[in-house]
Amino acid sequence: MKLTPLGDRVVIKALEAEETTESGIVLPGKDKEKPQQAEVLAVGPGGTVDGKEVKMEVKVGDKVIYSKYSGTEVEMSRDEKYIIVKQSDILAIIEG
């Protein structure tokens with residue numbers, strides 16, 4: 001199955017949460033903070049959204065930081081969970 005976002009929406013997949021802290025402490029599952037970093041899997045066409053011209057600034061493969069409480073989680077299968085967000089919910093592109 002393939003997700004194709006519409007308008008200014010972007011399909012992202014959250015990157016895995018860290019299992020150990022910088023000092024080496026292993027975190028149990030419930031103490032792992034929900035990651036705010038994700039990889040872009042699909043990008044909508046942009047265009048006119050709510051009367052404003054929207055140019056898509058992210059592309060497939062970009063690593064991004066997104067707003068913590070944004071988007072809609074979608075479960076395509078047991079192992080595939082994605083988040084659909086508006087481009088405006090993406091805060092930054094991670095480079096390097």
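Me: How many helices and strands are there in the protein chain?

Reply: Helices (H or I, at least four residues) and strands (E, at least two) are DSSP runs, numbered from the N terminus. The protein chain has zero helices and eight strands; from the N terminus on, its elements run β-β-β-β-β-β-β-β. This is a predicted model, in which local features need pLDDT of at least 70 and side-chain atom pairs count only at pLDDT 80 or more, while totals for chains, interfaces and linings use all residues. Residues are numbered from 1 along each chain as its sequence is written, and side-chain values use heavy atoms, with hydrogens and water left out.

Me: In what order do the six strands of the open sheet lie?

Reply: Two strands pair if DSSP finds at least two bridges between them. Here the order is S6-S7-S1-S2-S5-S8, with antiparallel pairing. Strand S6 (72–77) and strand S8 (90–94) are the edges, each pairing on one side only. Strand S1 (residues 9–14) is joined to strand S7 (residues 80–86) by four bridges, and Val11 stands opposite Ile84 in S7.

Me: Which residues have the most contacts inside the largest nonpolar core?

Reply: A nonpolar core is a set of buried Ala, Val, Leu, Ile, Met, Phe, Trp, Tyr and Cys residues joined through side-chain atoms within 4.5 Å. Buried means under 20% relative accessible area (1.4 Å probe, protein chains only). The largest such core has 13 residues, and those with the most contacts inside it are Val10, Ile12, Val40, Val58, Val64, Val85 and Ile90. At least two residues of this core come from each of S1, strand S2 (37–43), strand S5 (63–66) and S7. With contact taken as heavy atoms within 4.5 Å, the residues that Val40 touches include Val10, Ile12, Val58 and Val64.

Me: What percentage of the 96 residues in the protein chain is buried?

Reply: Buried residues make up 25% of them.

Definitions and conventions
Buried < 20%, exposed > 50% of the residue type's maximum accessible area, 1.4 Å probe, protein only. Lists of a residue's contacts leave out its neighbours within four places in sequence.
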